[in-house]
Amino acid sequence: MSAAETLTSAVKADAPPAILLERVNKWFGSLHVLRDVNLSVAQGERVVVCGPSGSGKSTLIRCINRLEEHQEGRISVDGIELSDDLKALDAIRREVGMVFQSFNLFPHLTILENCTLAPIWVRKMPKKEAEALAMEYLTRVRIPEQAGKYPGQLSGGQQQRVAIARALCMQPKIMLFDEPTSALDPEMIKEVLDTMVMLADTGMTMICVTHEMGFARQVADRVVFMDRGEIVEQGEPEAIFSNPQTDRLKLFLSQILRGH
Amino acid sequence: MSDVALNENMPNDALPRTAPKRLLGPAAWARENLFSNWWSTAITLALGYLLIRYAVSFVDWAFVNAIWTVPYNAAGQPDTSACRDNKGVGACWAIIADKHRFILFGTYPYDEHWRPLLVCALFVGLYIVSAMRRFWNWRLAVIWAVTLTVIGILMWGGVFGLSFVPQERWGGLPITLILATFGLAFAFPLAILVALGRRSQLPAIKALCVLYVELIRGVPLISLLFMASVMFPLFLPEGINIDKLLRAQIAIILFAGAYLAEVVRGGLQALPKGQYEAADALGLSYWKKTGLIILPQALRLVIPPLVNTFIGFFKDTSLVLIIGIFDLLTAGKTALIEPQWQGFGVEVYITLGLIYFMFCFAMSQYSAGLEAEFNRHRRR
Ligand SMILES: Nc1ncnc2c1ncn2[C@@H]1O[C@H](COP(=O)(O)OP(=O)(O)OP(=O)(O)O)[C@@H](O)[C@H]1O
Ligand SMILES: [Mg+2]
């Protein structure tokens, strides 16, 4: 980490947290998937969430922009509390971009239209301006030449980079990633991770669910380990990966390492 | 290598070479497909014989031996004895020559037939314009409003020096086109709303939509038409009378709406959940999500069953004959009642069939083109 970056995180330390979860509980029917989850993410902080399958990682980040509704506890994003108030929800969704494991691009729209849709219809941006903005982000994820194609004509890695550009076109303050590389072939994982590293370098607040240890070590300020709906352990990547405290994390790490 | 070439993410231009084409001349094709062994040769010959025999006798009946005109007596009555002698040998197209205006326009005043004719032309023009994607914007709504107003003025008259023609005297093709066009134009948006309502989170809306679909689907169109024409007026206060055609029209809209709603719902269900979530995550409101992301994809998926239902309803409009509305089919049937022309039903029904076929075939051709165009994004 460079000196400039330590400076920025120091400056932001006294700002309100970008995301705050307090004693959040969630059930699917009788299945208790989030148990008293407390998490505070500072502005500009990069958090990597990992944990075994079914531990509630996706559910956790999907609660942050209300793709899932939590039943107990409080979640606030950028000082706005998530509630049944639709205005607050709209405001939060405008601040929070999300990238999915399965890309979820709109197949009937071109790459450019995918990227301009929300700025035009949600942010009420003029079409010309939205297109210029979209081209800027497509250039940044290094696929401006694909703008006129349809998602089905792109490789998985390219589609995921478009999905990142699409989310960025809304100029969010926070980005959520739900296993963005696990549907990709190995040779495409790197291009997507590179894009995410580049994004991290811009100072974006990020929460990434991923098992890419290299990525976590490179960009994460903090790694959060979840198991059975609980946050079991968290800390700096080095501490988490080299010096796990709990048996559950030790077991998980040994499985991950064997898998790789 | 073959694995890589089959990779569906591979852009087309990266394919190493095109697949070899199998070229077969007509003779080679016939040998391979029709005469490959004695068994298929026998079937080919037997079917070929039947086909040619029936084709020849149909051509003989319909064209070679057909009678195209009949003499008229002093009173203007057609003399159909020649046709009767020719029965079973040749067709009597003279009935069409004599009765085509009645079949097309029913009991509409004879001297005013140019008005329904113009109406039919306007309808066809409206279909053509609506089919062009260039007009798929606010202009289409204006075009529809203007055209339908003009059609109303032409049919009713009573203004601009046109004589008034009450609805009871309308008939034939304009009635069929009115019922089908208004029917589908209103039923389709209704169906979309009902399909969305059936997936609504609000229990009251959902229950209402389920009730509507199940009630309407559970009864035959005929009984719905009967209810509209016989029972409905009983519930109206004294003195108020809603036009019979309008009542039939509403029954057809409600009926078509229920069926189309299920077709649309099928499309909605086929969409992956991720599409809804991506739209939500971008902050699109319910209606923007529905209008920009969900419906465009869902409707494309269901073009074939949608057009299937459209075509079915175009023909089902002929059921209004049971409540005494004079559509194309009823007009054709009525033309046959006249003593001179009794017994020449085949000729009339072939003609009616051709008219229905033209409209339905145009619809299915158009939908095939639309499907190909819309699904271009699926091609790689
Ligand atoms: N819509 C749902 N309805 C019912 N149960 C669900 C639903 N979504 C998730 N679950 C369950 O909740 C639990 C947590 O799921 P979640 O998707 O958050 O896990 P995860 O940590 O993201 O796992 P993975 O690594 O496999 O993605 C799992 O047991 C899952 O089966
Ligand atoms: Mg998950």
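A polar contact, as I use the term in this notebook, is a pair of N or O atoms within 3.5 Å. I also note at the start that the model is predicted.

**Entry on ligand 1.** I then checked two side chains: a polar atom of Lys57(A) is 2.7 Å from an oxygen atom of the ligand, while for Ser53(A) the distance from a side-chain N or O atom to a ligand oxygen is 2.6 Å.

**Entry on Arg93(A).** I placed Arg93(A) in helix α3 of chain A, which spans residues 86-95. Which side chain of opposite charge is nearest to Arg93(A)? I found Asp280(B), 4.1 Å away, and since a salt bridge needs a distance within 4 Å, the buried Arg93(A) has none.

**Entry on salt bridges.** I noted a count of 27 salt bridges over all chains. In one of them, Lys99(B) meets Glu338(B) at 2.4 Å, N to O; Lys99(B) lies in helix α5 and Glu338(B) in the loop between α15 and α16 of chain B, so the pair ties together parts 239 residues apart in sequence. Lys99(B) is buried at 11% relative accessibility, whereas Glu338(B), at 27%, is partly exposed.

Terms used
Residues numbered from 1 in each chain as written. Chains lettered and ligands numbered in written order. Predicted model: local features only at pLDDT ≥ 70, side-chain atom pairs only at ≥ 80, totals over all residues. Heavy atoms only, no water. Helix = DSSP H or I, 4+ residues; strand = E, 2+ residues; numbered from the N terminus. Buried < 20%, exposed > 50% of the residue type's maximum accessible area, 1.4 Å probe, protein only. Lys, Arg positive; Asp, Glu negative; His and termini not counted. Polar contact = N/O pair within 3.5 Å; in protein donor to acceptor, adjacent residues only side chain to side chain.
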